[in-house]
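Welcome, and please take a moment to look over the sequence and the model before reading on.

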Amino acid sequence: MKKQAVERIVKAAALLLALLITVKGIVPSLSVMDTDFPNYYTSGWLLLQGKDMSRIYDDAWFQQQMQAVGFLGPGKFSPFPPSTALFSAPLALLEPQDALRAMTLLNIAAVVVAISLLAGFLKRPFREGALMVLLSGVG
């Protein structure tokens, strides 16, 4: 196979993977508050509010705090370490939906940096680094 054909295949595969991740991962993550985000956000919010953090691992208490923030789904702080609240506190300065979007954008930026670093370390084009990184998230 010619080098140009391989490059086109790699580029097409990277674009298809980016599209798949965008449709299945990024777009939903901009609007759906599920998984662990409410737990992280609530812990940061509690810290910013000066609440007593000694009960953070009390699931019933934490659930009440999540409801006070506006999260209606189930949640708990375990198995997260207490320092997680420190990292989540800046996000809790924002409204939950805006914080979710900010966290998603930070994650996208981290993926771009990871792709750039990998491509640089391997001395390969960005599209090849993108293919490797994006393939690691499929499945």
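A nonpolar core is a set of buried Ala, Val, Leu, Ile, Met, Phe, Trp, Tyr and Cys residues joined through side-chain atoms within 4.5 Å. Buried stands for under 20% relative accessible area, exposed for over 50%, and partly exposed for anything in between (1.4 Å probe, protein chains only). This is a predicted model, in which local features need pLDDT of at least 70 and side-chain atom pairs count only at pLDDT 80 or more, while totals for chains, interfaces and linings use all residues. Residues are numbered from 1 along each chain as its sequence is written, and side-chain values use heavy atoms, with hydrogens and water left out.

**The cores**

The largest nonpolar core has 16 residues, and Phe37, Tyr41, Trp45, Phe62 and Phe71 touch the most other members. At least two residues of this core come from each of helix H2 (37-48), helix H3 (59-69) and helix H5 (96-122). Helices here are DSSP runs (H or I, at least four residues), numbered from the N terminus. Trp45 is in contact (heavy atoms within 4.5 Å) with Lys51, Val69 and Ala92, leaving aside its neighbours within four places in sequence. Another core lies apart from the largest one; it has eight residues, including Val10, Ala14, Leu17 and Val133.

**How the helices pack**

Axes are lines fitted to C-alpha atoms, for helices over the stretch in contact, and angles run from 0 to 180 degrees between N-to-C directions.

| Helix pair | Axes | Angle |
|---|---|---|
| H1 (residues 3-29) and H6 (residues 126-135) | within 9 Å | roughly 45 degrees |
| H5 and H6 | within 8 Å | roughly 120 degrees |
| H2 and H3 | 10 Å apart | about 85 degrees |

Angles under 35 degrees count as roughly parallel, over 145 as roughly antiparallel, 65 to 115 as roughly perpendicular and the rest as oblique. H5 is therefore oblique to H6. H1 and H6 are oblique to each other, and their crossing is left-handed. A left-handed crossing has the near helix turned anticlockwise from the far one by less than a right angle, and a right-handed one has it turned clockwise.

Which residues of H1 meet H6? They are Glu7, Val10, Lys11, Ala13, Ala14, Leu17, Ala18 and Ile21, and their partners in H6 are Arg127, Glu128, Ala130, Leu131, Leu134 and Leu135.

H5 passes H6 in a right-handed crossing. On the H5 side, the residues include Val111, Ile115 and Leu118, and on the H6 side they include Phe126, Ala130 and Val133. The contact of H5 with H6 has 11 nonpolar, two polar and no charged residues.

H2 is roughly perpendicular to H3. Among the residues that meet are Tyr41 and Trp45 in H2, with Phe62 and Val69 in H3. Here the classes are eight nonpolar, four polar and no charged residues.

**Spots to look at in the loops**

Most residues other than glycine have a negative phi, and most peptide bonds are trans. The peptide bond from Ser78 to Pro79, however, is cis, with omega near 10 degrees. Pro79 sits in the loop between H3 and helix H4 (83-88). Lys123 is not a glycine, yet has a positive phi of about 55 degrees. This lysine, Lys123, lies in the loop between H5 and H6. Is Lys123 buried or exposed? Lys123 counts as exposed because its relative accessibility is 72%.

Technical notes
Ala, Val, Leu, Ile, Met, Phe, Trp, Tyr, Cys and Pro count as nonpolar, Asp, Glu, Lys and Arg as charged, and the others, Gly among them, as polar.
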